[in-house]
Amino acid sequence: MRVVVVGAGPAGMAAARTAADAGADVTLVDSEPEAGGQYLRGRARFSHDGVTHLKNTEAWMVENQTLHLRGHPPLTFDSLVIATGAYDRPLPFPGWDGPGVITAGAAQALAKQGVTLAERVIVSGSGPFLLPVATALQDLGATIVGVYEASSPTKWLREARAIAANRHKIAELASYRRVLPHLETRTAVIAKHGSRVTVAKLDGQWRPTSHRTEHADLVCVGYGFLPRTDLVPEAARTNDFLDVDERQRTSVPNVYAAGEVTGIGGADLSEAEGVVAGAAAAGRQPPPRALKAIRNGRLFAAALDRAHAVQPGWQTWLNDDTTVCRCEEVRRKDLGRATTMRELKLTSRVAMGRCQGRICARNAADLTGVPFDGQRRVIAIPIPLGELAELPEEQQ
Amino acid sequence: MHPDVVVMGAGIIGAACAQALHRRGLTVLVVDRHGPASGTSAAGEGNVLVSDKEPGPELELARASRRLWPALAEDAEWEEKGGLVVATTENAVAPLQKFAAFQRAAGIDACEISAEDALHHEPHLNPEITAAVHYLQDAQLNPVKATRTLLRGIPFRQAEVSTTDGRSVTTTRETISCGAVVNATGPWARNFGVNVLPRRGVVLVTTPIPGRIRHKVYDADYVGAVASGDADLQTSGVVESTQAGTVLIGSSRQRKGFDDTIESRVLKALAQRAIAMFPMLSTVPVMRAYGGFRPYAPDHLPIIGEDPRTPGLWHATGHEGAGVGLAPATGHLLADLLTGATPITDPEPFRVDRPEVMV
């Protein structure tokens with residue numbers, strides 16, 4: 001049984017270990033020099049009997065039972081586990097395309113590498129991810145000007161069941177106690193010009209009700225996450241996250257998914273999904289404990305999704321000249337009317353640039369009312385023509 | 001609402017038919033299950049070519065379209081960039097020169113140029129080329145913008161048509177009575193009674209490298225691939241830039257129904273053929289690949305005219321990969337026939353009751 005796992009974060013590592021323990025011949029493919037993913041970035045020290053770890057290797061296409069890789073011969077598999085995670089979603093505002101604005105995920109990744117970014121920092125977005133980002137930046141000596149959460153904390157009062165099943169999540173908050181005093185809810189950065197940052201109080205729809213000026217060198221933004229589903233463009237999905245059954249099977253035969261490609265619920269849910277996917281991919285019954293952890297974890301994930309859902313009022317933060325797509329320099333007023341994403345892209349060039357629409361496509365869809373088609377990229381990452389030309393001949 | 005004509009399909013052909021009928025004073029409604037240019041029209045490069053057509057009825061239709069396009073496409077990135085067809089082997093020289101001579105005799109601007117001149121036109125071209133022909137009339141546009149420009153001022157309804165009897169169309173929501181119906185559903189036209197099959201094509205898109213490739217440049221064997229009816233994979237090198245600086249790389253032809261999976265062997269073949277013409281492309285990253293379905297008629301001619309079996313039902317489809325280039329004259333011809341005007345070109349070769357086309 002050959003099992004290939006893509007992504008060496010908590011989900012992928014768990015899937016690889018579980019499948020190997022079940023006797024499968026496992027290859028774990030990851031684009032980073034060390035395992036860990038975004039969560040444990042390089043600190044995982046992964047090593048497991050029966051698992052071959054292919055580091056620094058990018059996967060770019062799944063074709064039947066073959067995974068195509070850059071700089072490495074293709075791998076054939078009996079089962080494939082997609083554990084490629086998610087990346088964070090910025091929302092545009094005047095000045096977001098200038099210097100001193102990065103995604104919260106990028107800030108955290110740099111912080112984990114020990115890079116100091118700037119003196120005065122604001123973290124603005126929605127979701128519990130903002131707190132560890134702010135904490136990591138503070139640990140590097142940055143002055144936290146504010147941590148702005150756009151959603152209202154009262155939304156969590158309706159989620160008693162999810163909280164009761166996931167008390168450990170609430171305990172995690174304690175580890176962020178040093179940045180908690182800077183937390184302001186129903187608040188967001190809605191403009192930045194140089195070091196002058198416009199910070200607004202928001203209503204329930206995220207429309208500004210009042211604003212003030214703060215000074216900061218760096219603004220880190222993150223309004224939830226979008227999944228990295230490029231390897232299975234035809235897989236069924238809901239709101240762009242991959243649909244999976246109780247064994248983490250996707251709609252594509254022999255392809256499983258685990259972790260944040262299926263929904264955002266934290267590292268422990270990802271790991272439990274990885275255990276189930278790894279067992280199922282190796283042809284074994286998933287352990288009941290992992291299945292139970294998934295049920296509880298998903299309660300929390302659904303609550304998180306409801307409490308921190310992006311509200312349409314963010315669209316009022318932009319003016320006509322605000323950049324929506326940085327790669328192709330498309331402004332809001334350039335978007336025009338369209339009925340499909342393809343029409344929108346080909347008339348405005350939004351989402352047609354080097355980032356392959358990862359940053360802007362979802363926002364452009366929301367701004368125009370065009371149904372978001374869940375970015376179906378056939379080629380998951382830009383790849384030089386010379387490499388395509390030298391693909392090995394097909395195996396018979 | 002009782003329009004004079006309902007046009008089924010809001011691709012470039014449906015839009016051109018609607019625009020031509022609208023200009024004759026008829027009331028027109030366009031219906032499409034998705035939106036303007038959401039199928040084949042958006043999956044191509046937006047080529048308006050005469051260079052790849054041998055003398056005959058299709059070339060006449062292409063020339064008539066080429067005359068009409070500039071006035072219609074001003075808001076659609078219209079660019080008279082010219083085409084450069086190159087031979088890459090000794091064996092390909094004589095057939096290319098013969099084909100060009102044949103086209104010149106039919107009035108096409110096909111200039112044989114030396115390899116040095118070709119390199120002057122395209123500095124990054126492989127210096128190993130063996131012959132080149134420069135076609136001044138070849139042009140390019142943005143097909144989505146062109147479709148929307150043609151549809152300006154014409155009512156559009158998003159709906160899927162289930163049946164038509166030539167006097168009405170029934171969608172999932174309603175039945176619309178009308179005087180006539182135009183089937184401009186491209187590769188899906190078979191649902192309404194003509195033998196049109198999907199012929200798959202894939203295009204690679206690179207990161208922007210503005211100004212490096214100036215013309216539409218293609219390998220002389222492309223013409224043979226277009227004319228072939230083979231179901232198996234055929235590839236030919238076709239390379240050109242867009243106004244955004246990206247390079248579009250085609251072309252592949254394959255008949256495998258509406259299967260839209262992208263195969264690595266197709267990507268490999270396209271990459272090899274593009275690099276053979278422009279070695280510098282080897283280091284340029286591909287950002288995207290997309291595919292589409294050309295509406296393929298087995299005898300390689302568009303189908304334009306009234307269906308003798310269903311009075312009131314008109315067809316405008318089967319343009320394969322040349323729909324953008326043939327659209328304005330197709331719309332014009334259809335409107336001529338429907339209103340009883342003198343046809344812009346001889347309609348006989350495009351008639352519906354061809355044995356290969358009637359199903």
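Visitor: How many residues of chain B are in contact with chain A, and with how many residues of chain A?

Guide: This is a predicted model, in which local features need pLDDT of at least 70 and side-chain atom pairs count only at pLDDT 80 or more, while totals for chains, interfaces and linings use all residues. Residues are numbered from 1 along each chain as its sequence is written, and chains are lettered from A and ligands numbered from 1 in the order in which they are written. Two residues are taken to be in contact if their C-beta atoms, placed from the backbone, lie within 7 Å. On that criterion, the contacts between the chains involve 33 residues of chain B and 25 residues of chain A.

Visitor: Which element of chain B gives the largest share of the side that touches chain A?

Guide: Helices (H or I, at least four residues) and strands (E, at least two) are DSSP runs, numbered from the N terminus. The elements of chain B that give two or more residues to the side touching chain A are helix 5 (143–150), helix 7 (264–277) and strand 17 (285–296). The largest share, 8 residues, comes from helix 7 of chain B.

Visitor: How do the residues on the side of chain B that touches chain A divide into nonpolar, polar and charged?

Guide: Ala, Val, Leu, Ile, Met, Phe, Trp, Tyr, Cys and Pro count as nonpolar, Asp, Glu, Lys and Arg as charged, and the others, Gly among them, as polar. With these classes, the residues on the side of chain B that touches chain A are 17 nonpolar, 10 polar and 6 charged.

Visitor: Which residue of strand 17 of chain B is the bridge partner of A:P384?

Guide: Two strands pair if DSSP finds at least two bridges between them. Strand 23 (residues 383–384) of chain A pairs with strand 17 of chain B in the antiparallel sense, over 2 bridges. Within strand 17 of chain B, the bridge partner of A:P384 is B:P285.

Visitor: Is B:G14 buried or exposed?

Guide: B:G14 lies in helix 1 (residues 12–23) of chain B, and, leaving aside its neighbours within four places in sequence, B:G14 is in contact with B:V7, B:G9, B:V30 and B:A184. A residue is buried if 20 or more other C-beta atoms lie within 10 Å of its own, exposed if 12 or fewer, and partly exposed in between, with C-beta atoms placed from the backbone. Because B:G14 has 32 other C-beta atoms within 10 Å, B:G14 is buried.

Visitor: What is the radius of gyration of chain A?

Guide: The secondary structure of chain A comes to 11 helices and 23 strands, and its C-alpha atoms fill a box of roughly 65 × 50 × 35 Å along the principal axes. The radius of gyration is taken over C-alpha atoms, and the globule rule is 2.2 Å times the number of residues to the power 0.38. For 396 residues a compact globule would have a value near 21 Å, and this agrees with the radius of gyration of chain A, 21 Å.
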